[in-house]
Amino acid sequence: MADPTPSQSRPERCASRRCRRAAHSDALPRRRAAPGARLCGSCKRALAADLAALPTLHHESEQQLVLPARQRGPARITGHRPDAPPVSDAALEARHDALVRLTSWARLVLDEAGSVGTPPDRTVPALASFLGRHIDFLAAHPAAGPAADEIGHVATALRALVAPPRPELVPLGRCVEPDCDAEVSLPGRGGDDLVLRGPMCGAGHVLTPRQWLLMNRRHRTEQAKEPA
């Protein structure tokens with residue numbers, strides 16, 4: 001019997017740029033794709049999380065369309081009516097980009113996945129829900145890497161519009177999840193982010209209180225083993 005080819009003997013590397021960037025920066029090893037997919041389990045979960053978050057992010061970003069008063073120039077009066085308030089180009093671009101990219105990936109699923117039901121409405125909530133239902137097909141497609149990267153990009157852009165500035169993070173050590181070596185961090189100033197989220201690693205794992213305790217014990221053990 002012939003020896004298996006390299007592609008048969010081991011899974012391919014994850015196709016997401018997120019894994020490639022992490023590997024280049026030594027923050028995380030580049031994972032292998034999950035069986036039957038072109039994304040690793042972590043990147044596929046991140047894609048699912050982005051799709052689930054997009055409807056709310058897109059809705060909340062609508063409040064950022066009008067620039068705050070402090071960023072506007074002096075109001076001009078035309079006749080008896082003031083000019084309409086200026087619109088944020090960044091918010092317009094991020095919202096439009098989300099709609100265009102989701103439409104493109106939904107079209108790919110409709111064209112290539114066979115019978116997938118009625119095409120979704122051309123709205124971010126409908127498109128994101130449609131893609132979420134067909135995430136297995138998307139994760140196994142040859143274009144899975146670009147799909148995950150583009151959808152992650154639009155989610156990040158919308159989060160930047162609606163989320164407050166992130167506090168400085170304090171590193172706590174390596175994650176205790178199986179096969180994860182990402183750094184765990186906490187907001188340096190505590191606050192609501194700490195209460196609601198808790199410590200989270202660079203791969204997106206949110207640690208439970210039990211895991212946090214385990215990580216602290218491991219960290220103390222490693223420190224005790226270090227030469228004085």
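Me: Let's start with H7. What span should its 19 residues have at 1.5 Å a residue?
Reply: The 19 residues of H7 should span 27 Å. The end C-alpha atoms of H7 are 27 Å apart, so the two values agree. Keep in mind that this is a predicted model.

Me: Which residues are buried in H7?
Reply: Ala144, Gly145, Ala147, Ala148 and Asp149 are among them. Further along H7, Ile151, Gly152, Val154, Ala155 and Leu158 are buried too.

Me: I see numbers three or four apart in there. Why would residues three or four places apart point the same way in an α-helix?
Reply: An α-helix has 3.6 residues a turn, so residues at that spacing point the same way.

Me: OK, what angle do H3 and H7 pack at?
Reply: About 35°. H3 covers residues 41-61 and H7 covers residues 144-162. Their axes are 9 Å apart. The crossing of these two helices is left-handed.

Me: Which residues meet there, between H3 and H7?
Reply: From H3, the residues are Leu47, Ala49, Asp50, Leu51, Ala53, Leu54, Leu57, His58, Glu60 and Ser61. From H7, they are Ala147, Ala148, Ile151, Gly152, Val154, Ala155, Leu158, Arg159, Leu161 and Val162. By class, this contact of H3 with H7 has 14 nonpolar, three polar and three charged residues.

Me: Now H3 and H4. How far apart are their axes?
Reply: The axes of H3 and H4 are 10 Å apart. H4 is residues 89-112, and the packing angle is about 145°. The crossing of H3 and H4 is left-handed.

Me: And which residues meet between H3 and H4?
Reply: Leu51, Leu54, His58 and Ser61 in H3 meet Arg95, Ala98 and Leu102 in H4. That contact divides into four nonpolar, two polar and one charged.

Me: His58 keeps coming up. Is His58 buried or exposed?
Reply: His58 counts as buried, because its relative accessibility is 16% and the cut-off for buried is under 20%. His58 sits in helix H3.

Me: What does His58 touch, not counting residues up to four places away in sequence?
Reply: Arg95, Ala98, Val124 and Leu158. Arg95 and Ala98 belong to the H4 side of the H3 contact. Leu158 belongs to the H7 side.

Me: Change of topic. Where does Ala113 lie?
Reply: Ala113 lies in the loop between H4 and helix H5, which is 124-133. With a relative accessible area of 27%, Ala113 is partly exposed.

Me: What is Ala113 in contact with, leaving aside neighbours within four places in sequence?
Reply: Leu108 and Phe137. There is also His141, 28 residues from Ala113 along the chain. The C-alpha atoms of Ala113 and His141 are separated by 9.6 Å.

Me: What about Asp121? Where does it lie?
Reply: Asp121 is also in the loop between H4 and H5. Asp121 counts as exposed, because its relative accessibility is 55% and exposed means over 50%. Leaving aside neighbours within four places in sequence, Asp121 is in contact with Ala126 and Leu127.

Me: How far apart in space are Asp121 and Thr103, C-alpha to C-alpha?
Reply: They are 9.3 Å apart in space and 18 residues apart in sequence.

Me: One more residue. Where is Asp181 found?
Reply: Asp181 is in the loop between strand E3 (169-174) and strand E4 (183-187). At 43% relative accessibility, Asp181 counts as partly exposed. From Asp181 to Gly202 is 8.9 Å, C-alpha to C-alpha, and 21 residues in sequence.

Me: Now zoom out. How many helices and strands does the chain have?
Reply: The chain has nine helices and five strands. From the N terminus on, the elements run α-α-α-β-β-α-α-α-α-β-β-α-β-α.

Me: And how much of the chain counts as buried?
Reply: Of its 228 residues, 32% count as buried. The chain exposes about 14,700 Å², and carbon and sulfur atoms supply 54% of that.

Me: Last one. What share of the contacts with a separation of 6 or more comes from residues 24 or more positions apart?
Reply: Those residues account for 56% of such contacts in the chain.

Definitions and conventions:
Residues numbered from 1 in each chain as written. Predicted model: local features only at pLDDT ≥ 70, side-chain atom pairs only at ≥ 80, totals over all residues. Heavy atoms only, no water. Axes fitted to C-alpha atoms, helices over the stretch in contact; angles between N-to-C directions. Helix = DSSP H or I, 4+ residues; strand = E, 2+ residues; numbered from the N terminus. Left-handed = near helix turned anticlockwise from the far one by under 90°. Contact = heavy atoms within 4.5 Å. Nonpolar A, V, L, I, M, F, W, Y, C, P; charged D, E, K, R; others polar. Buried < 20%, exposed > 50% of the residue type's maximum accessible area, 1.4 Å probe, protein only. Areas by Shrake-Rupley, 256 points an atom, 1.4 Å probe, with all protein chains shown as cover. Expected span 1.5 Å × (residues − 1).
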